[in-house]
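This briefing is meant to be read beside the sequence and the model. The points are grouped by topic.

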Amino acid sequence: MIKLEPLLGLKCKTDNEGLVYIELSCDYPEERKNCLEFFKGLEEIKIKNSNITFPTRLIHWIITINPIDKPTIMNYFRIDGILKIVQENKSKLIGKQTFVKAEINYPNKSKFPNLHIHFYQVSEDKGTEVFDVEDMVEHCMIHYSNTKQFTAKRIKDLEKYVNTLELKQIPFLPMEEVLFDSDDNVLPFTQHLLAKQAVELPF
């Protein structure tokens, strides 16, 4: 790894293939101003790359996965589980411009978290009006009221079934546009692949 100049005060390194790794000094974007600025920057890039036309309207809905049993936790409570949920709901998405974003949250006194998948679908006449990129970032921002939810006990319970480092990446995954291949399979989300790789490799 080769050290680079800090970005927004965040430490950066690059590997031999030119892939840049950024060391986040917080567990949630809102914990520190530079973490939040970095996260919002990722969101803005995703929105601009989608070529969405403003002003527009967004229809928002949520699919919640409850940790009802061991197979559910193992199949969905990971970064790849987000793509799996989107693929299972693709009938609502084909032919429309939709963005997806994940949230992980512990209900009070619960042993395992819930996984919430937020969908934001562009509409001409329904939903909330958003006026520009910055407005869309704010509208789609997930605010975590508890930034200390991954306690040592909860991590230990989850480690029996999943890679908890992946779950701790979820608050930093920006919204992704849902795109399809010629067979109507949902294409992998770029930032999800990078986040997964980051927790599989030593920093």
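Glutamate 124 lies in the loop that runs from S6 to strand S7 (128–130). The model is a predicted one.

- Glutamate 124 and isoleucine 59 are 65 residues apart along the chain, and their C-alpha atoms are separated by 9.9 Å.

**The sheet**

- Five strands make up an open sheet with antiparallel pairing, and their order is S7-S4-S6-S5-S8.
- The edges are taken by S7 and S8; each has a single partner strand, so one side of each has no neighbour in the sheet.
- Three bridges join S4 and S7, which pair in the antiparallel sense.
- Within that pairing, threonine 56 is opposite valine 130 in S7.
- S4 also pairs with S6 in the antiparallel sense, over nine bridges.
- Histidine 116 in S6 is the bridge partner of threonine 64.
- In a regular strand, side chains alternate between the two faces of the sheet.

**Helix H3**

- In helix H3, the buried residues are Ile79, Gly81, Ile82, Ile85 and Val86.
- These residues cover an arc of only 155° around the axis, and therefore lie on the same side of H3.
- The elements covering the buried residues of H3 include strand S4 (56–65), helix H2 (70–76), S5, S6, H6 and H7.

**Helix H7**

- Helix H7 spans residues 190–200, and His192, Ala195 and Val199 are buried in it.
- Viewed down the axis of H7, its buried residues fall within an arc of 65°, so they line one face of the helix.
- Helix H3 (79–88), H6 and strand S8 (176–177) are what the buried residues of H7 pack against.

**Aromatic pairs**

- Four aromatic pairs are found in a search of the whole structure.
- One of them is the tilted pair of tyrosine 28 and tyrosine 144, at 4.9 Å centre to centre with 50° between the planes.
- This pair links distant parts of the chain, 116 residues apart: tyrosine 28 is in the loop between strand S3 (20–23) and helix H1 (33–49), and tyrosine 144 is in the loop between helix H4 (133–139) and helix H5 (152–158).
- Tyrosine 28 counts as buried at 2% relative accessibility, and tyrosine 144 is buried at 6%.
- Phenylalanine 112 and tyrosine 161 have ring centres 6.0 Å apart and planes at 65°, so their pair is edge-to-face.
- That pair also links distant parts of the chain, 49 residues apart: phenylalanine 112 is in the loop between strand S5 (98–105) and strand S6 (114–123), and tyrosine 161 is in the loop between H5 and helix H6 (164–167).
- Phenylalanine 112 is buried, with a relative accessible area of 14%, whereas tyrosine 161 is partly exposed at 28%.

**A charge over a ring**

- Arginine 154 places its charged end over the ring of tyrosine 106, at 4.0 Å from the ring centre.

Note on methods
Residues numbered from 1 in each chain as written. Predicted model: local features only at pLDDT ≥ 70, side-chain atom pairs only at ≥ 80, totals over all residues. Heavy atoms only, no water. Phe/Tyr/Trp six-rings, centres within 6.5 Å; stacked < 30°, edge-to-face > 60°. Helix = DSSP H or I, 4+ residues; strand = E, 2+ residues; numbered from the N terminus. Buried < 20%, exposed > 50% of the residue type's maximum accessible area, 1.4 Å probe, protein only. Lys NZ or Arg CZ within 6 Å of the ring centre and 35° of its normal. Arc of directions from axis to C-beta. Contact = heavy atoms within 4.5 Å. Pairing = 2+ DSSP bridges.
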